[in-house]
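Hi everyone, thanks for coming. Please take a moment to look at the sequence and the model, and then I'll walk you through a few spots in it.

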Amino acid sequence: MAKSYKDTMNLPKTDFAMRGNLPENEPKRLEKWYAEDIYHRVLEKNKDGKPFVLHDGPPYANGPIHIGHAFNKILKDFVVKSHAQRGYYTPYIPGWDCHGQPIEHMVEVTIGPERMAEISQPELRQLCREWAEKYVDVQREGFKRLGVNAEWDKPYLTFLPNFESGNVEIFKEMYLKGSVYRGRKPIHWCKRCHTALAEAEIEYGDEVSPSIFVKFKMDIVPGVWEAAGAAPEAYVLIWTTTPWTLPANTAVSLAPEADYVMVSVDGSQLIMAKELVEQVAQVAGWENYSFISNAAGEPIIMKGKELYGLTYTCPVRQDLKGTLIYGDHVTLDTGTGCVHTAPGHGQDDYLVGLEFDIPMLMPVDDNGCFTDEAGRFAGLDTDAANPVIIEWLEGQGTLVAKQEINHSYPHCWRCHQPVIFRATDQWFVSMEENSLRENALHAINEEVRWIPAWASNRIGSMVAERPDWCISRQRSWGVPIPVFKCAKCSSTVATEATFDAIIDLFNTEGADAWFTKQPSEYLPKGTKCEKCGCTELIPEKDILDVWWESGVTHTAVCKHRADEGLTFPADMYLEGSDQHRGWFQSSLLTSVGAYGVPPYKSVMHCGFTVDEQGRKMSKSLGNGVDPAEVMNKFGADVLRLWVASVDYSQDVSISDNILKQVSDTYRRFRNTFRFLLGSLDDFNDATDAITNWDELEPIDQWARVRTLKLLNDVEAGYESYRYNVVYREVYEFVNDLSAVYMDVIKDRLYSEAPASPRRRAAQTVLMNILEVMVRILTPIISFTTDEVWEHYPLAMREREGRVSNVQLAGWPTAADFVPAFPENAQEVAAAFDQMMDVREVVTKALETARNEKLIGKSQEAALFVKAPEAIVNVAKSYAAGVLEELFIVSSVAFEVVEGEDVAVDVKVAEGEKCPRCWNICELGGNPAHEDVCERCADALIAIGYVAE
């Protein structure tokens, strides 16, 4: 019976499990991290390092975290940990947006309409606070489970006193500069939520709307057409998709340089843009129409601006007269070129109305119902009014045509219902006063780094085109607008002294005190209205827009908590791509408005999470992905690895199938770590490492250079925030490592004597690889790398002074590699790369030989390689055995041939199979163990093996 030498081999030994069992083990590791206070220990380690502050954008505290939250928070953890691992001082204070309508709405639903009608504002605010606190705790636990390091026990919350006072600090700065004002302007209004909405609170969706063409009767016929024989009655033909706004009509806007004609059709004479006549005729079904023409038979044309000043009878309020005006907002894409203008119901209408001093009517109340000002339509809801108004116009004989169109329309971001444009008295931030728009655009284009770079165009166009910012809301749960109204003359009372008093009040008692105390209790004695001298002051009832609140975190957090290492400006803001019109913009405007500088040095955005088919996740489709379920099935590290694998700047797909693929990659990484740890079980880097570069085998030297390249490429990936590059570089390295280096050196590791220089050389390289991989992957798979750190070779684990967590281990550098790199290391590796190219040809030839049953294992092969002289010369420069090891064959012979191609002939090797290492070679070279090869005999002698 043949002897078994299995027990004499240096097979890998490690307690590092093949299966990670992440769902069960990660929570235990979290407990370890919190017990050792890893967040603060990392800060202490890097306290003298260069600061890098990622300022956290506050998620809304209303419900458990979803996959978008997880994607966002893991990305932030990559940023923070990759900097911390490289020695930066990285305080990271998480925050929550706790004010606003959604929480207030949920409380309303919970307590019911009867109690809601009776509850006091302070009591309602307390219930809202409790609701927010509940979900802060829920979300905090969800974020912790992801493995995110943060100051979890001291987050910033927008309802805390010190934060609320920060709102007043910014309001004070901007109000006293004249950038904040109260005015009556059309704004987005949600008639269901009963509040004004800013542009950032609007989402767009398709709506089917009526499209109508209506004729307004002119008071006179323009002379040029009258002289050509036009009848004494003429009309201007308008087009609108919002019939409900007709009761507020006070003007018709024309394109100033467009050509207008008078069309005679069905007994009416209609003024419209010449370019759109044929289009209108098709919609209206005109079979015969003609133009009012000159003697030559050519249509008489007037420019839009030439019609300015003509009047007409308003279509609904027929006791009022409207005026023809002109504006650059009028286009000839569709309609008639004659735009129904109601300054109270649209931004363009409002601006052109200001220019021409057009009256602004507002016959719609807070509930979206017509007031008495709408005449016969009083009491109707705006939605219900459309068909009623259309029917009435038809009865009046002024409706020329009607149809339905599907178009994009603004919706409320909370109730998801269509909004209306409605002029109300609100508080605004002026985009022009103090050159806020100009300064913000300068900051965008010249002072801030945008990641990706094209994002500057996105936010830049939004800031360039946005209207004044409406910052007041008609709700209870939030920070009040910090001004007063004179009880006698209604003038606004707001001075540096009143603002400072409010700041002190909010710092000590919070914003709730605004609703429970009288102004006389906290304002300086003698505060009065500067206009009339009245001392009775009424606190403003409106609250600040939640985007204002989150926008002032640069002050309420970064400045207020500077003693915790935060900086202003912050190094980075990171949120979803929708925040270009949300938090990124509100933060920019408040910071530039108050301080003249942007609040951030760089801004990075991420896309949205979608399903495998690229569809938006929704309850109706049932395609949502719950991060808690993902972690219970795959573990947080698989979810984190998925985040690293995608291009976060675009929308990213996630599904069970995608996560299974990522899980396969995770297992590959984990098995690589397991091989490294198992192969180093008997290695002590302090005593066993090879310290002379020349004592390494050529493939060892090649692997060392390849590892250094990995380190440099990964560091560049982290530096440029390209985590998918980090993922790809590590993935490709691990593939090369397992397919080439690990495969090649197994014979050395398993068969050589434990302390042989050749085996120690391979172990030295594996140790270098392990030291690099465990550190560079820590920002991504933090749970697993810390587990790897705990399973290091015993000699290293027990070494005095060794840190307990890989997050404290720092970043590897070329100087950390043992042995040191010589100056020609790159050239050495480049030469060996030529042999790696030959190996690819060899591998294919060996596979063919296996398929043809010529050989079984590659060790049974003898290779005859025909190659160009340059390659043969490189091959012959290596010592005997180097290429046999590289190709894992019995023998290799090279022959020079003409041309550039490499060809390989595979023959069956001559000799006997060693029963210990399975190589084909000569046996009996050592009389002590005649049945094995000489190399194995030496190994058996070294370990004191005695045959039975």
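Let's begin with helix 19, where the buried residues are Ala636, Asp637, Val638, Leu639, Arg640, Leu641, Trp642, Val643 and Ala644. Helices here are DSSP runs of H or I with at least four residues, strands are E runs of at least two, and both are numbered from the N terminus.

A quick word on the background. This is a predicted model, in which local features need pLDDT of at least 70 and side-chain atom pairs count only at pLDDT 80 or more, while totals for chains, interfaces and linings use all residues. Residues are numbered from 1 along each chain as its sequence is written, and side-chain values use heavy atoms, leaving out hydrogens and water.

Next, a helix pair. At what angle do helix 23 and helix 24 pack? Helix 23 (residues 757-776) and helix 24 (residues 782-790) pack at about 145 degrees, with their axes 9 Å apart; axes are lines fitted to C-alpha atoms over the stretch in contact, and angles run from 0 to 180 degrees between N-to-C directions. On the helix 23 side, Leu770, Glu771, Val774 and Arg775 meet Thr785, Val788 and Trp789 of helix 24, with contact meaning heavy atoms within 4.5 Å. By class, that contact has four nonpolar, one polar and two charged residues. Here Ala, Val, Leu, Ile, Met, Phe, Trp, Tyr, Cys and Pro count as nonpolar, Asp, Glu, Lys and Arg as charged, and the others, Gly among them, as polar.

Now for the cavities. How many of 30 Å³ or more does a search of the whole structure find? There are six. A cavity is a set of points on a 1 Å grid over the protein atoms alone where a 1.4 Å probe fits but cannot get out, and lining residues have an atom within 4 Å of a point. Volume is the space filled by probe spheres set on the points, which are joined across faces, edges and corners.

The largest cavity has a volume of about 130 Å³. Of its 17 lining residues, Gln101, Thr195, Glu201, Arg473 and Val546 lie nearest the centre. Strand 5 gives the largest share of that lining, three residues.

The second largest cavity holds about 110 Å³. There, helix 3 gives the largest share of the lining, four residues.

Notes
1 Å grid on protein atoms, 1.4 Å probe; cavity = no way out; pocket = protein on both sides within 12 Å on 5 of 7 lines; lining within 4 Å. Buried < 20%, exposed > 50% of the residue type's maximum accessible area, 1.4 Å probe, protein only.
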